[in-house]
Amino acid sequence: MYFRCKQCGGIFSLNETCKDRFNITQTKEFENNEYFIVHHLSVPSYMLQHNNYSTKGWLLARELLFQFIYNNLTPDQARKQNRHILDNGNRKWNLNNTQKLTEVERIKWSFTLWNVRYNVAEEYCEDIKHWARSIFEDTKEIVKRINWIKIV
Ligand SMILES: [Zn+2]
């Protein structure tokens, strides 16, 4: 018997959900540097696809993903740039609060965590990069249609 994830559309078995698979692959990342080099991509990819951020957090995470993939931003640079937003008490909005971008729920994702191979580090990194790029592409349409007045 199999189930389809309501958020990403991935098919998982009774014994393993998306969250389980995410935990397995995150553990691999933390235990192995060859996997950890894509950590800055795997976490936002999972969170964006499962709509786990607030609306503003979602948009910020997507923008960061874009900078990582297309502008060669490094995780260190991102931390420095976003320190004022992410780290200090000036943050007025919560990354994980309840106001979500509901449009995300309707996206038909072209690639999910279930397509990511994770037995070999090289394949894992390749697939995570592909996953991140696919998320950026799959979300282009809804970002164009967002009512920014409601968000800012
Ligand atoms: Zn899922």
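Modeller: We can go through the metal site, then the aromatic rings, then the salt bridges.

Modeller: Please keep in mind that this is a predicted model, in which local features need pLDDT of at least 70 and side-chain atom pairs count only at pLDDT 80 or more, while totals for chains, interfaces and linings use all residues. Residues are numbered from 1 along each chain as its sequence is written, and side-chain values use heavy atoms, with hydrogens and water left out.

Colleague: OK, which residues coordinate the zinc ion?

Modeller: The zinc ion is held by Cys5 (SG), Cys8 (SG), Cys18 (SG) and His50 (NE2), at 2.1 to 2.3 Å, where donors are N, O and S atoms within 2.8 Å of the metal (3.2 Å for Na, K and Ca), and sites may look incomplete as water is not among the atoms.

Colleague: And what is the geometry of that site?

Modeller: The site is tetrahedral, with angles of 102 to 112° among the four donor atoms; four donors count as tetrahedral if all angles lie between 85 and 135 degrees. Along the sequence, the donor residues follow the spacing C-x2-C-x9-C-x31-H. Cys5, in the loop between β1 and β2 (11–13), and His50, in the loop between α3 (39–49) and α4 (55–70), are 45 residues apart, and the pair links distant parts of the chain. Here helices (H or I, at least four residues) and strands (E, at least two) are DSSP runs, numbered from the N terminus.

Colleague: Is His50 buried or exposed?

Modeller: His50 is buried, with a relative accessible area of 5%, and Cys5 is buried too, at 9%. Buried means under 20% relative accessible area, exposed over 50%, and partly exposed in between (1.4 Å probe, protein chains only).

Colleague: Switching topic, how many aromatic pairs are there?

Modeller: A search of the whole structure finds eight, where rings of Phe, Tyr and Trp (its six-membered ring) pair if their centres lie within 6.5 Å, and planes under 30 degrees apart count as stacked, over 60 as edge-to-face and the rest as tilted. One of them, Phe22 with Tyr46, is stacked because the ring centres are 4.0 Å apart and the planes at 10°.

Colleague: And salt bridges, what joins Arg79 to Asp76?

Modeller: Their side chains meet in a salt bridge at 2.9 Å, N to O; the term means a side-chain nitrogen of Lys or Arg within 4 Å of a carboxyl oxygen of Asp or Glu. Arg79 and Asp76 are three residues apart in helix α5 (residues 75–81), so about one helical turn separates them.

Definitions and conventions:
Tetrahedral: all angles 85-135°; square planar, octahedral: opposite > 155°, others 65-115°.
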